[in-house]
Every structure is written in C-alpha cells, then in structure tokens.
Amino acid sequence: MATTSSDAHPEDDAARRILLAGPRSFCAGVERAIEIVERALRARSTPVYVRKQIVHNAYVVDDLSRRGAIFVEELDEVPDGATVVFSAHGVSPAVRAEATRRGLDVIDGTCPLVTKVHAKARRFAARGDTVVLIGHAGHEEVEGTLGEAPDSIVLVETPKDVQELSLPDPRRVSYLTQTTLAVDETAEFVDALRVQFPMLHESPSDDICYATTNRQHALNAIIEESDLVLVVGSTNSSNSVRLVELSRRQGTPAELIDRASDIRPSWLDGVRTIGLTAGASAPPALVNEVVAALGELGPVSVEEREVTRETTHFELPPAVRGAAAPPSDPPA
Ligand code: 0K2
Ligand code: SF4
C-alpha cells in the first residue's frame with residue numbers, strides 16, 4: 001500500500017514517511033477475548049463482570065465499560081452466581097476453584113496459547129521437574145501459570161536470576177516462558193539455562209506466541225529505516241512495551257502511545273521517517289487515528305511493510321458461540 005494523505009501540498013518533497021509494520025495490532029487471542037465480552041453483553045440480561053482488564057488496553061477497557069461490562073480486580077467483587085469473564089491472560093486453578101465454589105457463571109477468555117502453557121506447566125511438574133518460568137513478576141499471565149504448580153515453578157526475571165538458581169535436582173529442570181516476551185532476550189535466558197543446567201529438558205520451542213513473534217519481526221524490518229518508532233499500546237501491555245524496548249536496543253528512539261493525542265510534536269523534530277506499529281491488544285482504529293494525526297502535522301506518505309500474513313483464528317467458547325455477533329469495526 002502506498003498512499004499520500006496530503007498530496008496537494010507544494011512541499012510534498014519534504015513529506016514525512018510513515019512505515020507501517022505488518023502484522024501489528026489485534027492478534028487472534030485478543031479478538032476472541034473481546035468478542036467473548038461483546039457477545040456475553042448481548043446474550044445475558046444480567047450484569048457481565050470481567051476479572052481484570054480483558055486485554056491490557058485502556059481504550060478497549062473503556063469502550064467495553066461504556067457498553068456495560070463491569071471490570072473487577074478479584075472475584076470477591078462479583079456477586080454469587082453472576083456471570084464473569086476471565087481475561088485473555090489466564091487465571092490460576094485457585095481462581096477457577098473459587099469461581100466454582102461461588103457458583104459463578106464463568107466464560108473463559110483465556111487465550112488458547114496461554115492455556116497451552118498452563119498444560120505444559122502441569123505436565124512438567126507432574127514428571128518431577130522444577131520448572132523455570134521466564135517472565136515478569138506480578139503480570140497476570142505469570143500469576144496464572146505459577147498457580148498451576150506453585151511448589152514446582154520458580155520465576156526468573158533477569159539472566160542474573162538464572163545464575164543464582166539453586167534447584168533441588170539439576171538433572172530435572174525444564175522451562176516455560178511468558179507468551180509476550182522479547183524473542184532475542186528470551187534466547188539469552190535459555191542459553192544461560194543450558195549453561196547452568198546441562199541436562200535441561202528442552203522444549204521444541206519457547207512459548208512466545210506467533211503474534212508476539214510476528215510483531216517483533218515486522219518491527220525489526222523497519223527499525224533501521226526509521227528515525228522514530230511509535231508503538232500504539234498501553235503501558236501495562238507486555239508485548240507492546242517489548243516493541244518499544246526492541247527499537248531502543250537497536251538505537252532507534254521509540255515511544256509508547258495510547259492514542260494519537262499522546263504524540264508530542266517535539267518528538268518529530270528532524271524526523272523524516274516514522275516507524276509505526278501497535279501491540280497485540282491495541283485496536284487497528286487507533287493506528288489509523290495516529291496516521292491521520294501525523295497527516296495533520298504536515299504532508300505524509302504511508303507505506304505498509306508486511307513481513308507475514310496472519311491467518312490464526314480461535315473458536316469462541318460454547319457459552320457464547322450461539323450469541324449474536326457484535327457489529328464489526330466500531331470507530332475509535
Ligand atoms: O502483552 P500482555 O501479556 O501484557 O497482554 P496484552 O497487552 O493484553 O496483549 C494480549 C496478550 C494477552 C495474552 O497473552
Ligand atoms: Fe494469545 Fe499471543 Fe495474543 Fe497473547 S499475544 S492473546 S498469547 S495470541
């Protein structure tokens with residue numbers, strides 16, 4: 001795609017170039033999780049609670065709140081018997097057990113790729129391994145995975161944590177990763193684990209998901225040409241923050257923005273080429289909004305650089321499969 005949004009300007013030669021990384025924005029797990037809430041709101045005549053942010057995006061959460069979803073931090077804020085949706089990041093077995101005990105009508109928005117990591121955690125722990133989980137403390141996905149086998153999983157957040165590990169049996173060690181980590185950094189963790197534990201039980205791959213990987217590869221393809229990278233995403237979105245860090249590690253300044261209104265004109269001083277991407281939880285409409293806002297600041301040309309096309313789609317859970325589909329592409 002090559003479009004010019006302000007081609008009537010005489011100073012077109014000086015047009016800023018926007019390089020759009022592709023893929024960017026919503027992944028299949030996020031689309032599924034949001035659609036679950038939208039369908040639940042249509043199908044239930046009673047309130048729909050959502051435990052934690054359904055995905056880590058302020059716009060998505062505000063939008064669903066306006067449409068009636070009630071976001072809570074913990075299940076004790078949900079009345080007995082009410083409908084509650086679990087977020088895309090997954091929950092620990094203890095949360096599921098609590099929901100069952102309270103007779104809650106649970107609709108599970110956990111991404112199937114996160115569910116897969118939980119299953120691996122149970123399998124590795126059951127065979128007697130200590131499981132090293134590479135991830136960020138306090139993140140919902142990590143909390144959920146740790147909860148699968150709390151006595152058998154240890155969390156490492158830095159390569160130094162790996163060096164300091166002292167495990168009961170160094171011959172029985174396996175590893176898991178959060179799904180939204182940086183591909184290059186995670187490879188270093190795994191190398192460090194192999195050095196520390198030569199008999200490490202290898203997995204065919206880490207657990208970084210296809211969407212996280214694709215967004216990093218797509219950004220990598222435009223970083224060098226960009227004077228500035230803008231990442232649309234919220235500050236608590238792990239995969240979005242990883243994109244900002246990736247760009248900065250490679251020497252290109254990068255900023256995380258929730259919306260176009262966060263752009264500071266001073267960032268654009270001397271900038272001819274802007275790399276634009278969005279985390280997996282950031283709506284495509286917000287990227288369009290950023291392109292339009294940059295066009296307001298002067299002539300721009302827009303080029304799409306798609307490194308791969310995503311076709312992944314996840315089935316909805318049976319509880320909402322029959323419910324009416326939401327209207328497509330609500331405007332930002
Ligand atoms: O990147 P995060 O795990 O913080 O989550 P989001 O920003 O909500 O992106 C969707 C991923 C959800 C599960 O992996
Ligand atoms: Fe699933 Fe990956 Fe999307 Fe997370 S980022 S919801 S793991 S597809």
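Is Ser87 buried or exposed, and at what relative accessibility? Ser87 counts as buried because its relative accessibility is 2%, where buried means under 20% relative accessible area, exposed over 50% and partly exposed in between, with a 1.4 Å probe and protein chains only.

## About the model

This is a predicted model, in which local features need pLDDT of at least 70 and side-chain atom pairs count only at pLDDT 80 or more, while totals for chains, interfaces and linings use all residues. Residues are numbered from 1 along each chain as its sequence is written, chains are lettered from A and ligands numbered from 1 in the order in which they are written, and side-chain values use heavy atoms, with hydrogens and water left out.

## Two loop residues

Let's stay with Ser87, which sits in the loop between β5 (83-86) and α3 (93-101); helices (H or I, at least four residues) and strands (E, at least two) are DSSP runs numbered from the N terminus. Leaving aside residues up to four places away in sequence, Ser87 touches Arg51, Lys52, Gln53, Ile54, Gly109 and Thr110, a contact being heavy atoms within 4.5 Å.

Arg172 belongs to the loop between α6 (159-163) and β9 (173-177), and counts as partly exposed because its relative accessibility is 37%. With residues up to four places away in sequence again not counted, Arg172 touches Arg127, Gly128, Asp129, Thr130 and His201. Its side chain reaches the backbone oxygen of Arg127 at 2.9 Å. This is a polar contact, meaning a pair of N or O atoms within 3.5 Å; within protein, one must be able to donate a hydrogen and the other to accept it, and residues adjacent in sequence count only if both atoms are side-chain atoms.

## Helix α2

In α2 (residues 58-66), the buried residues are Tyr59, Val60, Val61, Asp63 and Leu64. Their cover includes α1, β4 (70-72) and α10. At the start of the helix, a side-chain oxygen of Asn57 comes to within 3.0 Å of the backbone nitrogen of Tyr59, and just after α2, Gly68 has a positive phi of about 115°.

Leu64 also gives a handy reference point for Arg172: the two are 108 residues apart in sequence and 45 Å apart in space, C-alpha to C-alpha.

## Around ligand 1

Ligand 1 is surrounded by 15 residues, with His56, Ser237, Ser238, Asn239 and Ser281 the closest; a residue is near if one of its heavy atoms lies within 4 Å. An oxygen atom of the ligand is 2.7 Å from a polar backbone atom of Ser238. For Ser281, a ligand oxygen is 2.7 Å from an N or O atom in the side chain, and for the side chain of Thr179 the corresponding distance is 3.3 Å.

## Cavity

Thr179 turns up again in the largest cavity: among its 24 lining residues, Cys27, Val30, His89, Thr179 and Thr180 lie nearest the centre. On a 1 Å grid over the protein atoms alone, a cavity is a set of points where a 1.4 Å probe fits but cannot get out, and lining residues have an atom within 4 Å of a point. The volume is about 280 Å³, that is, the space filled by probe spheres set on the points, which are joined across faces, edges and corners.

α8 gives the largest share of this lining, three residues.

Methods: On a 1 Å grid over the protein atoms alone, a cavity is a set of points where a 1.4 Å probe fits but cannot get out, and a pocket is an open set with protein on both sides within 12 Å along at least five of seven lines; lining residues have an atom within 4 Å of a point.
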